Amino acid sequence: MASVKLTNVKKIYDKNVVAVHDFNLEIHDKEFVVFVGPSGCGKSTTLRMIAGLEEISDGTIEIDGEVVNDLQPKDRNIAMVFQNYALYPHMTVYENIAFSLRLQKVPEDEIYDRVTRAAEILGITDYLMRKPRALSGGQRQRVAIGRAMVRDSKVFLMDEPLSNLDAKLRNQMRAEIILLRQKLDTTFVYVTHDQTEAMTLGDRIVIMKDGYIQQVGTPTEVFEMPKNLFVAGFIGAPQMNFIETELTVENGSYYVKPFGVKLPVDGEKGTALKAKQAKTGRITLGVRPEHITLTQAGANAIPCTLEVNEMMGSELHLHVYTEDGTRLVVRVPTVSLDAETRKGLVAGAKVHITFEGKVMHFFDPESTENLLN
Amino acid sequence: MNEKKKIRRHMGLRASSAISNSVIHVLLVIISIIWLIPFVCIVLQSFRLELSGPVGYVIPKKWGFDNYVALLGRSDFRQWYINTFIIALVNAALQTVIVLCMSYALSRFRFKMRGALMRLMMVLGLFPGMLTMIILYRVLKDLGLTEANAVPGLILVYVASSGMGYYVSKGFFDTIPKSLDEAARVDGATRMQVLFKIILPLAKPIVIYTILTAFMAPWGDYVFARYISFENPVGMNVAVGMYKWLTLDQISSNYTMFCAGGVIVAIPVTILFLCLQRYYVEGVTGGAVKG
Amino acid sequence: MKRYSDLEYLQLSKWKKLCYRLACFFRSIPTALKNLVLAVGLFFKNAALAVVREFKDIFLTFKDGDIHTKISYVFMGWGSLRRGQILRGLLFFLFEAVFIFYMVVSGGYWLSMLPSLGKVGPGKTYDPILDTYYYTYNDNSFKILLYGVLTIFFIIAFVYTWRVNVKQNKIAEDILKSGKPLKSGRDDLRSLVDDKFHKTLLALPVTGILIFTVLPIVFMILVAFTNYDGSHDGYINGLFGWQGFENFRTLFSWKGANGHSYAATFGEILTWTLIWAVFATFTNYFLGMFVAMMINKRGVRVKKLWRTILVMTIAIPQFISLLYVSKMFAKNGIVNGVLLDLGWIDQAIDFWGSTAHNGLLARALVIVINIWIGIPYLMLIATGILMNIPSDLYESAKIDGASGWKQYTKITLPYMLFITGPYLLTQFTSNMNNFNVIFLLTGGKPTNTAASWASGNVGYTDLLITWLFKITTGEEAKYYLASVVGIMVFVVVALITLIVYNRLPSVKNEEDFQ
C-alpha cells in the first residue's frame, strides 16, 4: 500500500519519438486509477515505467516517497498483471503463483498457505497442479491475478488484463476485479483502451492521447464535464454527436442554431455560460445520443431522415442524417416508444429530434477546449 | 442432375488419388534405394576380406570381421577416435554455453552496440573462414597447441568463434514472449534468474539442437584439423587420419579398412542423431524461417 | 525506360510484365549502389561528427570538472577511487598500468617495426674453421605484423577505456551534485547479473570472436598487401614487406604464360563458382520441396520411414559419405564395375578425370551428388514450412477452382519463397564457399592444365575457396595471393548479398503472409 507520484515523466524512444510528454500525476494510497486512451497514447508505456520495465527518459517516479527511477523491477515491490497473462508455460499453476515467493526465499509451508489462500479466493484450487496450457482464458486470467496477489506488494499494476477475454467473460471478470480490490485494499493502476472498463472500475480516470494527459477526474467528472473534444468523444458509447454551429446571445440569453433551428441554452449550462461571459461565434456543439429525444414537428424540432435502426434490446440506436447531410446518433429507450411508433422507424422514415440546453457541451473549434473550463 | 454421372465423377476422384499415391510410393522407394546404396555398399565392403583395395562389385566374395579387428587393433585409429570424441564432447559443452550466452543477450537486451555487433558478425561471416587458417595455425603453434597438442588447439578454434552461430537460437528465443521475462522480473527475478528459470527450460529443443550440432561438427571437420595436427598422428581426428587411407599410395591396401572405420565412426553419431532428430528438425526449420 | 503506372502495368501481357520487372530490377541496381555509396558517406559524416562531439565533451569535462576529474585524465581511475568507487577505480588503474607496461616492454617495438615489417633478415655466416654456415635469425615479419595489429587493437581498447574513465568522472560528479549516492562496487557486481547481465554474457563470446576471427581477418587482409609466401615466410627464409596494390594488379592483369593469366583463371573459376552455386542451391531447393510434398501428401504411408532414410545423410559425417561416394565413381570403382558387368558400357568412364567440355562430366556429377547431400535438409525445412501454410488458403483456392498445379504455383511456391528468401540467399553464398563437397568429392579435378599455370594445380571443379586452399598449401605457398582471392570472394559474396537482401520480399514487406 503506497502512493505513486509521477513528476514530469517523459519517455523518449531513440530516433526522438516521444511516447509520453511531461506526465504529472499523484496516485493516492489505496486509490484505483485507470489510464485510458486509444492505442499508442502512451498509457502502457507509463505503466511500464512505473513497473521499471521501461527506462524513464526524464522526470521522477516515486513509490511511497522513494524515487525508484534507477531501481530494477524486482526491487520496486510491485505486482503486475499482463495483457497476455504471461504465465510461465513450463510451471504448474501452483509453481506460477509461488514463483515470486520462492525467489524471496519464503519458507515452503508459508508459500503453501499463501498460494492456497489466493487460489481459494480466485476459485482455482482445482487447477493448482495443471499447466497453463490446460486452462481456459478466464482461468489463466485468474492465475495471473493470483500470481500478483500472493505478494504483499505496494502497488498493483494491470496492463489491459481483460482485453483477451470474450465479452461475456470480460463483464464477469470486471465485477471480480472490483471485489478483489475490496479484498486487497491496495493501490491499483489499471490500463485499458476500453472506456466502459475505465468508467466502471476507476476511482479516477486518466485519459491520454498521443502521450499527453487530456483529463484526470472521477468517472462522473469526465462524463459530465469533458475538458475537450477528444475526451468528449472518447468517453461514452455510442460516441457524442458533434455539430458545427454558432453560439449567439440575445437579451442576455444564449442560443445555439444547429441546422438552422434555434435552441435556447437554458438551465445550468446557460447560467454557466453567462457566468463565464462566454464569447459568441462558431462553436462545436456536443450532445450525447442518450440526451437527444424524438419529438413532433415544431419550433425546436430538427427534421431528420432515418438511415439505420439498430435494435439493442433495451434501447434503439437510431442513425439519422439531417437536411445538410450531417449524421447523428440517437439513443432511445425501447419502453419509451409504443409499438406503433417503433414499427414506423424504418430506413427512410422522417423523424424529428430535439435536445435541451442542460445536456449541451460547447467546444472551441480551434483549440477543441470546452468553453466552460 | 444425373446421379450416375455424379457417382462416376466421385469414383474418378478416388481412383486418380489412388493412382497418384501409388506412383508416389514407387518414387519414394526408388529415392530411398538411391539414398541407401552408398551406405549399404560401405557396410558390405567393410566385411570384404579377399581384397583390401577398391573393386568393381558390391557383394564380398569372402566375409569376415577381420577389417574391424585390425582396425580396433590399430593404436593410431583408437587415438584418432578418442581425440575426435573428446573434441566433440568438450565442443558440445562449451559451444552451447557460448551460443546461448550470445543469443540470450542479443535477443533480450537492447544495448547501444547491439546493432553494430550483429552487423559486424554478418560481415565477418561473409569472409571465407579458410583465410584465417594460416594465422590461427601460427598463433596456436606459438601457444604450443598444434601437432601432438592439436586437440585443445582445435577445441579453442571451434569454441572461440562459435558466438557467430547465434542465429538459430536467437530466433528461437525471439519467439518466447518478452512478457514472460517482464513478469519474472516483476516477480523479483534478476536477468540471470530469468535466463535460468524461465528461458532455458522453455528453450529445451534449441539447447538440444545446439548441443547436437556442436557435437556432430567435429566428426566431419577436415581442413582445420589437418592444418593444426600437421601430419602428427597423435593430434589427428578421424577425418584427417582416415583421409590418408584413400590417397593414391594407400588406397589399394586400406580401402576396406576405411569402410570399416567409416561404419564405426558413423554408427554412434547416426544413432544419436536419429534419437534427437525431432529437435534437429525444429532447429533447422526455425533457423530457415528466421533467416 | 517507360515507367508504367499500376493500372497500366496490370494491362500488360504476362511476358511484358516479366520483362518489365526484370528491367526494373536491373535499372534499380545503379540506384541501389548509389544509395549504398551515399549511406557509406553518411556513415562517415556521422562518425566524424561523433568524434568532434566526443572531443568537445572531453574538453568540457576537463574544463568544468573538479581536481579529481582532472587528475583522472592522466591517472585513470583516480576520480573513482577518491569518490569511493574502489572497484571501478582499481580496474581503471590496473588497465592503465598493464597498458603502459605492455607498451614499454614490447608494444612499442612491434609498433615501430610495423611500417617496415622487419629490417634485418635471416643471415648466413661462413665459419672457415668448421667449414659450415651459421644461420642467424633476426626480425620476424610474421610476428611483427601479428603483434603490431594486436598492439593497435590494444591501443584502441585503451583509448576507449580512457574515454569511459573520463565519462565516468562526469557522471559521478553530476550524481554527487544532485545529492544522490554513487553506486558501490557491490551494486556494480550485482548489476552484472541483472540489468548489465548482457555484458557478462557477451564478454567471453565477443573476446573469442575478436581474437579468433576479427584479428585473423584483419591480418589476412593486410597480408594481401605484402609478399608473404613460402620463400618470404618472414623469419627463416626471408623477410616479407609491404607491396602496396601489387598483388591486386597481378590478379587482374591479363598478361601470363600460355595466354593464361591470373585474371583469366580467376574469371574461369569465378564463373564456375557462380554456376555451381546457382545449380547447387536451386536443384536442392526444388527437389527437396518436391520430396517433402510427396512425403507429406495425404495417404502416403510410413512417412517417418522415408524421412529417416533421407535424414541419414545428414547424420553421417561428410568426410565418410562424400569420400566414399567419390571412390564409388572412380575409374575402378563400384559404379563402373557394375555398369561393365551389366554390359551397358564397354570401357570404364573416367568421371573425375575427363577434361572434355571443360570437365562437364565431373561438374555435372558434382551437382548431382550434391543433390544427394542437400535434399534431406531442404526436405526437413520444407516440411516444417508446408505444415504452417494455413489450410484455408488451399480451401479457398479449391473453391475458386484451382487445380493441384495451380495451387502449387500460386500458393505453395510463393509462400515458400517468401518465407525462405533469406535462407536461399545464405544457402547461395554458403554454396559458393562449399569447400567440403568439392574438396572431398573431386579435390578440384579434372586438372585444368591451362589454368594451372596460375598457381596451385587448378581443376575444372575448383571453386574459389578450394583454389584458395590449394594456393596456400601449394609448393610456393603464396599466402598473399590467397589473401587477395579471399578478399575477392568477400567482395563478390558481399555484393550479391547487398543487392539481393534488400529486395527479398520477406525483408521488404514483412506482413504479406502473416
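Predicted model: local features only at pLDDT ≥ 70, side-chain atom pairs only at ≥ 80, totals over all residues.
Two strands are taken to pair if DSSP finds at least two bridges between them.

Strand β4 of chain A comprises residues 58–63, and its pairing with β5(A) is antiparallel, extending over two bridges. In one of the positions concerned, I63(A) has E66(A) in β5(A) as its bridge partner. In another, E62(A) is placed opposite V67(A) of β5(A). The two strands form a hairpin in which two residues lie between β4(A) and β5(A). Within the turn, D64(A) adopts a positive phi of about 55°.

Strand β4(A) is also paired with β1(A), which covers residues 4–13 of chain A. This pairing is likewise described as antiparallel and involves five bridges. Here L6(A) is found opposite I61(A) of β4(A). The strands named so far belong to an open sheet of four strands, arranged in the order β2-β1-β4-β5 in chain A with antiparallel pairing. In general, the strands of a sheet pair through backbone hydrogen bonds, in either a parallel or an antiparallel manner.

Chain A contains ten helices and 20 strands. The C-alpha trace of chain A spans about 75 × 50 × 35 Å along its principal axes. Chain A has 373 residues, of which 39% count as buried. Among the contacts in chain A with a separation of 6 or more, 66% are accounted for by residues 24 or more positions apart.

The model also includes a contact between chain B and chain C, to which chain B contributes 67 residues and chain C contributes 79 residues. On the side of chain B that touches chain C, helix α1 (residues 3–46) of chain B gives the most, with 14 residues. Classified by residue type, this side of chain B has 50 nonpolar, 15 polar and two charged residues.

Methods: Residues numbered from 1 in each chain as written. Chains lettered and ligands numbered in written order. Buried ≥ 20, exposed ≤ 12 C-beta atoms within 10 Å, placed from the backbone. Contact = placed C-beta atoms within 7 Å. Nonpolar A, V, L, I, M, F, W, Y, C, P; charged D, E, K, R; others polar.
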